[in-house]
Structure formats: C-alpha cells, structure tokens
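The following note sets out numbered remarks on the model shown below. Each point takes up one topic.

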Amino acid sequence: MDINIKAIHFDINEKLTAFINKKAERIAHRFPAISSVDVSLKVIKPETSLNKEAIVRVTVPQIEDSVATKIADSFEEAIDVCLDAIEKQLEKAKNKK
C-alpha cells in the first residue's frame, strides 16, 4: 500500500506524518484491498479556528475511489473524521458486493 502525503503551502512536521501513517495503516489492516491512500493538507486563509482542511482519497481496485474532505481545528482531528467517513464508505461498498 502506498501512502502519499501532500502539504500545500506549509511544511509538515514528523509528528503529523507519523500520525497519518499510523491511521492509514489501521484502515489498511481493516481493508486489505486498499492499494493507496492520498492525503492533501491545506491551511485555509484567513487564520481563524476551523482553518485546517484534509482531503483523503483511498483507492481500492474494482471499487470506486472513496474520498472525504473535512475542515477542523487541527489536522489530526480532520484526518480522524475523514478516515471515519471513508471506513463507512468502504464498509458500504463491501456489503454491496
């Protein structure tokens, strides 16, 4: 499984990268068919609360890509909510099969 992290207009720190990798590995453990996880992180202007945006795209062969976009106070919170939404999407797609 490939994990691609893109930080738009800021430098990502090692702690956040480790957090994203850990969460991606957890979802990949639950859904072994996942081939890649793409994460885009962006700080929305102006600088107010709820200015961290996370877009997560999960690619699974033979299933439509699952995408979630969330805005939160922190990137960690946004990633958590995105991956929860993607887990629901994957569970739904798995049950349709």
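1. Helices (H or I, at least four residues) and strands (E, at least two) are DSSP runs, numbered from the N terminus. Glu53 has its place in strand E3. The model is a predicted one: local features need pLDDT of at least 70, side-chain atom pairs count only at pLDDT 80 or more, and totals for chains, interfaces and linings use all residues. Residues are numbered from 1 along each chain as its sequence is written, and side-chain values use heavy atoms, with hydrogens and water left out.

2. Strand pairing. Two strands pair if DSSP finds at least two bridges between them. Strand E1 (residues 2-8) and strand E2 (residues 36-43) run parallel and are joined by seven bridges; Ala7 is placed opposite Leu41 of E2. Between E2 and strand E3 (residues 52-60) the pairing is antiparallel, over eight bridges, and here Lys42 stands opposite Glu53.

3. Handedness. The β-α-β unit made by E1, helix H1 (residues 14-30) and E2 is left-handed. For reference, a crossover is right-handed if, with the strands pointing away from the viewer, the path from the first strand over the helix to the second runs clockwise.

4. Is Glu53 buried or exposed? Glu53 counts as buried because its relative accessible area is 13% (buried means under 20%, exposed over 50%, partly exposed in between, with a 1.4 Å probe and protein chains only). Residues up to four places away in sequence aside, Glu53 touches Ser40, Leu41, Lys42, Ile44, Thr69, Lys70, Ile71 and Phe75, a contact being heavy atoms within 4.5 Å.

5. Nonpolar core. Such a core is a set of buried Ala, Val, Leu, Ile, Met, Phe, Trp, Tyr and Cys residues joined through side-chain atoms within 4.5 Å. The largest one has 23 residues, and those with the most contacts inside it are Ile34, Leu41, Val56, Val58, Ile79 and Leu90. Two or more residues come from each of H1, E2, E3, strand E4 (63-72) and helix H2 (75-96). H2 gives the most to this core, namely seven residues. Apart from neighbours within four places in sequence, Leu90 is in contact with Ile27, Phe31, Ile34, Val58, Val60 and Ser66.

6. Positive phi values. His9, in the loop between E1 and H1, has a phi near 65 degrees, a positive value in a residue other than glycine. His9 is exposed, at 80% relative accessible area. Gln62, in the loop between E3 and E4, also has a positive phi near 65 degrees; Gln62 is exposed, at 74%.

7. Salt bridges. A salt bridge is a side-chain nitrogen of Lys or Arg within 4 Å of a carboxyl oxygen of Asp or Glu. The structure holds six of them. In one, Glu87 and Arg26 have their closest N and O atoms 3.3 Å apart; Glu87 in helix H2 and Arg26 in helix H1 are 61 residues apart. Glu87 is buried, at 10% relative accessible area, while Arg26 is partly exposed, at 39%.

8. Arg30 is partly exposed, at 44%. A further salt bridge, 3.1 Å from N to O, joins Arg30 and Glu91. Salt bridges link Arg26, Arg30, Glu87 and Glu91 in a network.
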